[in-house]
Amino acid sequence: MPHETAAPRWSPGTPILWRYRANGTRGDEGVHICRPMTVVEDTGDRLVAWLAPGTECVRPVFADGTPVHAEPLASRYTRPRTTGREPWWGNGVLKLARAGEPWSVWLWWDEDWTFRNWYVNLEQPLRRHPAGVDSVDHFLDIDVQRDRSWSWRDEDEFAQACADGLMSAQTAAGVREAGRAALALIESWGAPFSEPWAEWRPEPSWPVPPLPADWDRLPAELTA
């Protein structure tokens, strides 16, 4: 029986890469989003990481440099893309993800640390590797407010991605099912919404993690 490498665990303050691969047929081969982050908590069952303001990140762009969200929806997912680098603007973002769960929960603050809202990003469950974690974004998201109200987000992008073949009907149905499961968690006000993460603050001594030259390297354990 071949030896299986144990999934890595990280101590607080460790820099990692939180990455997303492209979707559909462009999908399982390349990384198109990469964000260097700092581990806040890692229990094995849950990973919490901080994206600091000013962090150099990788994002998808079109060949002429046009940002993806400036492109009309009808051609947004069919026009050829490349990647660009850009510092993370505004305040930072705290991301929480539980093992095997098809979403992560993000916390947003204004620059004066006034808490804004939670954001449920529907995605493939995170896969760990020595440099960090990888996922694939599923377009559809949920905004959650402190009064426990919620709203769907990016339903138009989800529908267009499905129409353009970036997700199969089976995958799209699974995303909707994951969304319903996330809503059940929100409506019961389970963790992490019931936890005091809105009052959390990063350690002042943490440096901003750099973007490594091999940010797009695909680990062997994720390509086997």
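Arg46, Leu96, Ala97, Arg98, Glu101, Trp103, Val105, Ala191 and Pro192 line the largest cavity of this predicted model. On a 1 Å grid over the protein atoms alone, a cavity is a set of points where a 1.4 Å probe fits but cannot get out, and lining residues have an atom within 4 Å of a point. The largest cavity has a volume of about 70 Å³. Grid points are joined across faces, edges and corners, and a volume is the space filled by probe spheres set on the points. The count comes to 1 cavity of 30 Å³ or more. Strands S6 and S7 are the elements that give two or more residues to its lining. S6 gives the most, with 3 residues. By class, the lining of this cavity holds 6 nonpolar, no polar and 3 charged residues. Ala, Val, Leu, Ile, Met, Phe, Trp, Tyr, Cys and Pro count here as nonpolar, Asp, Glu, Lys and Arg as charged, and the others, Gly among them, as polar.

The model is predicted, and local features need pLDDT of at least 70, side-chain atom pairs count only at pLDDT 80 or more, and totals for chains, interfaces and linings use all residues. Residues are numbered from 1 along each chain as its sequence is written, and side-chain values use heavy atoms, with hydrogens and water left out.

The chain has 4 helices and 11 strands. These are DSSP runs numbered from the N terminus (helices H or I, at least four residues; strands E, at least two). The radius of gyration of the chain is 17 Å, close to the 17 Å that the globule rule gives for 224 residues, so the chain is as compact as a globular protein of that length. The radius is taken over C-alpha atoms, and the rule is 2.2 Å times the number of residues to the power 0.38. Along the principal axes, the C-alpha atoms fill a box of roughly 45 × 45 × 40 Å. Buried residues make up 47% of the 224 residues. Buried means under 20% relative accessible area, exposed over 50%, and partly exposed in between (1.4 Å probe, protein chains only). Among contacts between residues at least 6 apart in sequence, 59% join residues at least 24 apart. A contact means heavy atoms within 4.5 Å.

The largest nonpolar core has 35 residues, of which Leu94, Val120 and Phe193 touch the most other members. Such a core is a set of buried Ala, Val, Leu, Ile, Met, Phe, Trp, Tyr and Cys residues joined through side-chain atoms within 4.5 Å. Two or more residues each come from strands S3 (46-51), S6 (93-98), S7 (103-109), S8 (115-123) and S10 (132-144), and from helices H2 (155-163) and H3 (169-188). H3 gives the largest share, 7 residues. Leaving out residues up to four places away in sequence, Phe193 touches Val105, Trp118, Val120, Val144, Leu185 and Ile186. Another core, of 18 residues, lies apart from the largest one, with Trp18, Ala49, Ala97 and Trp106 among its members.

The loop between H3 and helix H4 (220-223) holds Trp189. Trp189 is buried, at a relative accessible area of 12%. Its contacts are Trp118, Val144, Gln145, Arg146, Arg148 and Ser194, not counting residues up to four places away in sequence. Trp189 and Asp143 are 46 residues apart in sequence and 14 Å apart in space, C-alpha to C-alpha. Pro192 is found in the loop between H3 and H4. The peptide bond from Ala191 to Pro192 is cis, with omega near 10°.

The largest pocket has a volume of about 1,100 Å³. A pocket is an open set of grid points with protein on both sides within 12 Å along at least five of seven lines. It is lined by 38 residues, and Ile33, Arg35, Arg59, Pro60 and His69 are the closest to its centre. Strands S2 (31-42), S4 (56-62), S5 (81-87), S7, S8 and S10 are the elements that give two or more residues to this lining. S5 gives the most, with 5 residues. The lining has 18 nonpolar, 7 polar and 13 charged residues.

Phe139, in strand S10, has phi near 70° without being a glycine. Phe139 counts as buried, at 6% relative accessibility. Asp154 lies in the loop between strand S11 (150-153) and H2. Asp154, also not a glycine, has a positive phi of about 65°. At a relative accessible area of 21%, Asp154 is partly exposed.
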